Amino acid sequence: MAFIRRLSPPNLPVSPPVYSNMWQEQFSNVLRLFFNQLVTFVNAPSPYGSFYDTSTQTNPVASATNIAKLNTKAEASRVTVSDGSTAAKIYVAESGVYNIQFSAQIQKGGGPAADVFFWLLVNGTALADSAGYATLSPNTKSITAWNYITSLNGGDYVQLAWASSDTGVTLPTIAAAGSIPASPSLIFTVNWVSSLSI
């Protein structure tokens with residue numbers, strides 16, 4: 001069941017012209033209920049998720065859409081990933097406005113310069129105006145990263161898509177070396193920002 005965070009001001013009873021113990025009790029109960037809801041709202045953990053991929057992701061078909069893989073969970077609460085080793089779907093359990101970020105290592109072999117495009121899918125559909133690109137010179141490595149702010153309903157999922165006309169473009173994972181830890185091909189994080197506007 002999707003959870004939607006909403007908090008409304010208390011509906012305080014109108015005071016009678018003369019003091020009434022019953023009214024005072026009702027007034028106190030309404031305030032007590034409101035403050036209990038407020039404390040629960042403030043203390044409730046916000047959804048978040050941090051995922052990454054330890055494989056090298058390839059571009060087997062020129063200009064075809066690739067769905068990013070995310071085979072490892074770093075930390076998460078109320079955000080989950082499925083099909084992580086094939087075409088990762090990142091599900092949110094709570095409706096709200098989310099900040100979604102990614103960073104991808106990109107590499108190109110020989111041949112002419114090539115562009116690599118990234119964009120966001122929500123429930124399998126491309127999010128309007130979400131694409132961006134980087135241009136790679138021959139035999140180069142780079143990293144690209146950006147973020148999105150978007151509204152999602154509980155049960156929605158997001159995916160990161162990417163494509164290049166050059167099949168020599170990859171998202172490589174770099175193995176650990178000495179004191180330097182391994183460098184995943186892709187890091188993807190999701191953070192709840194606020195409730196949906198009413």
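Buried means under 20% relative accessible area, exposed means over 50%, and partly exposed is in between (1.4 Å probe, protein chains only). The model here is predicted, so local features need pLDDT of at least 70 and side-chain atom pairs pLDDT 80 or more, while totals for chains, interfaces and linings use all residues. Residues are numbered from 1 along each chain as its sequence is written, and side-chain values use heavy atoms, with hydrogens and water left out.

**Exercise 1.** Work out how many salt bridges a search of the whole structure finds.

*Solution.* Start with the rule: a side-chain nitrogen of Lys or Arg must sit within 4 Å of a carboxyl oxygen of Asp or Glu. With that rule, the search turns up two.

**Exercise 2.** Take E94 and R78: what joins their side chains?

*Solution.* Step one: they meet in a salt bridge, 3.4 Å from N to O. Step two: E94 belongs to strand β7 (residues 94-108) and R78 to the loop between β4 (72-77) and β5 (79-82), so the pair ties together parts 16 residues apart in sequence. Strands here are DSSP runs (E, at least two residues), numbered from the N terminus. Step three: E94 is buried at 1% relative accessibility, whereas R78, at 35%, is partly exposed.

**Exercise 3.** Now find out which residue K108 forms a salt bridge with, and whether the two are buried or exposed.

*Solution.* First, the partner is D166, with the closest N and O atoms 2.7 Å apart. Next, K108 lies in β7 and D166 in the loop between β12 (157-164) and β13 (169-170), so parts 58 residues apart in sequence get tied together. Finally, both K108 and D166 are buried.

Key: Helix = DSSP H or I, 4+ residues; strand = E, 2+ residues; numbered from the N terminus.
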